[in-house]
Every structure is written in C-alpha cells, then in structure tokens.
Amino acid sequence: MQMLLFSTMLASSDCVAVVSIVDHTQQPKLFSCIFGERVVNDIVSLILFNTMLEVQFMDFQWFTPFVIFGEFLLLGIISL
C-alpha cells in the first residue's frame, strides 16, 4: 500500500517539462492539447492519491482492488 501511495504522487509529473518547452504563442493547439492532458493527469493522480489514503491501512486481500476501484469512482463523481 505504501508503494501504491508513493507511485500516485509520481504519476502526475510526466509532462511538466513538455509544457515548459512548448511556447503557447507559436503553437497554441499543441500547447492546449499538452496542457489539457496534464490537467487530466493531475486530476486522476489526486483522486488516486486520496483513494490510497483512504485504504492505506487495510490489509491487502482479494477484494481490495474492488474497494480501491469503488473509492476511486466515488471520489471522481463527488469531485465533479
């Protein structure tokens, strides 16, 4: 569970460098696509991080992935 919690923190840092390289005045469509993908990654990683916080002290059993998926959906729907 600690590994899952740590990996959710690292998941949103994949395209930060790309956004800083692409200039929005020269290539506005490319910048918008990359920026939108970055925002979606940030949202998903925040929801996943909060999900892992909710279930981090549970024992990992056969039904734990279903609990994680349910918490993820619940937080995703509530955040909308």
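Is His-24 buried or exposed, or something in between? Its relative accessibility is 48%, so His-24 counts as partly exposed. From His-24 to Phe-35 is eleven residues in sequence, and the two C-alpha atoms are 10.0 Å apart in space. Please keep in mind throughout that this is a predicted model.

Now the whole protein. How many helices and how many strands does the protein have? There are four helices and zero strands. Going along the sequence, the pattern reads α-α-α-α.

On overall shape, the radius of gyration of the protein is 16 Å, whereas a compact globule of 80 residues would have one near 12 Å. Along the principal axes, the C-alpha atoms fill a box of roughly 50 × 25 × 15 Å. Of the 80 residues, 20% are buried. Then there is the matter of which parts of the sequence meet. If we take the contacts with a separation of 6 or more, 57% of them join residues 24 or more positions apart.

Next, the helix pairs. Two packed helices are described by the angle between their axes and the distance between those axes. I have two pairs to show you, and helix 3 is in both.

The crossing of helix 1 past helix 3 is left-handed. Which residues make the contact? From helix 1 they are Leu-4, Leu-5, Thr-8 and Met-9, and from helix 3 they are Ser-45, Leu-48, Phe-49, Met-52 and Leu-53. Sorted by class, that contact has seven nonpolar residues, two polar ones and no charged ones.

The second pair is helix 3, residues 28–55, with helix 4, residues 64–79. Here the axes come within 9 Å and cross at roughly 130°. That angle makes helix 3 oblique to helix 4. The crossing of helix 3 and helix 4 is right-handed. On the helix 3 side, the contact is made by Val-44, Ile-47, Leu-48, Asn-50, Thr-51, Met-52, Glu-54 and Val-55. On the helix 4 side, it is made by Val-67, Ile-68, Glu-71, Phe-72, Leu-75, Gly-76 and Ser-79. The residues of this contact divide into nine nonpolar, four polar and two charged.

Let me look at a few residues around that second pair. Thr-51 is in helix 3. Its relative accessibility is 0%, so Thr-51 counts as buried. What does Thr-51 touch, leaving aside its neighbours within four places in sequence? Its contacts are Ile-68, Glu-71, Phe-72 and Leu-75.

Pro-65 belongs to helix 4. Thr-51 and Pro-65 are 14 residues apart in sequence, and their C-alpha atoms are 11 Å apart in space. Pro-65 has a relative accessibility of 41% and therefore counts as partly exposed.

Ile-43 is another residue of helix 3. With 44% relative accessibility, Ile-43 also counts as partly exposed. How far is Ile-43 from Gly-76, in sequence and in space? In sequence they are 33 residues apart, and in space 8.9 Å, C-alpha to C-alpha.

Last, the loop between helix 3 and helix 4, where we find Gln-56. Is Gln-56 buried or exposed? The cut-off for buried is under 20%, and Gln-56 has 15% relative accessibility, so it counts as buried. What is Gln-56 in contact with, again leaving aside neighbours within four places in sequence? The residues are Met-1, Gln-2 and Leu-5. Leu-5 has come up already, in the contact of helix 1 with helix 3.

Definitions and conventions
Residues numbered from 1 in each chain as written. Predicted model: local features only at pLDDT ≥ 70, side-chain atom pairs only at ≥ 80, totals over all residues. Heavy atoms only, no water. Axes fitted to C-alpha atoms, helices over the stretch in contact; angles between N-to-C directions. Parallel < 35°, antiparallel > 145°, perpendicular 65-115°, else oblique. Left-handed = near helix turned anticlockwise from the far one by under 90°. Contact = heavy atoms within 4.5 Å. Nonpolar A, V, L, I, M, F, W, Y, C, P; charged D, E, K, R; others polar. Rg over C-alpha atoms; globule rule 2.2 N^0.38 Å. Buried < 20%, exposed > 50% of the residue type's maximum accessible area, 1.4 Å probe, protein only.
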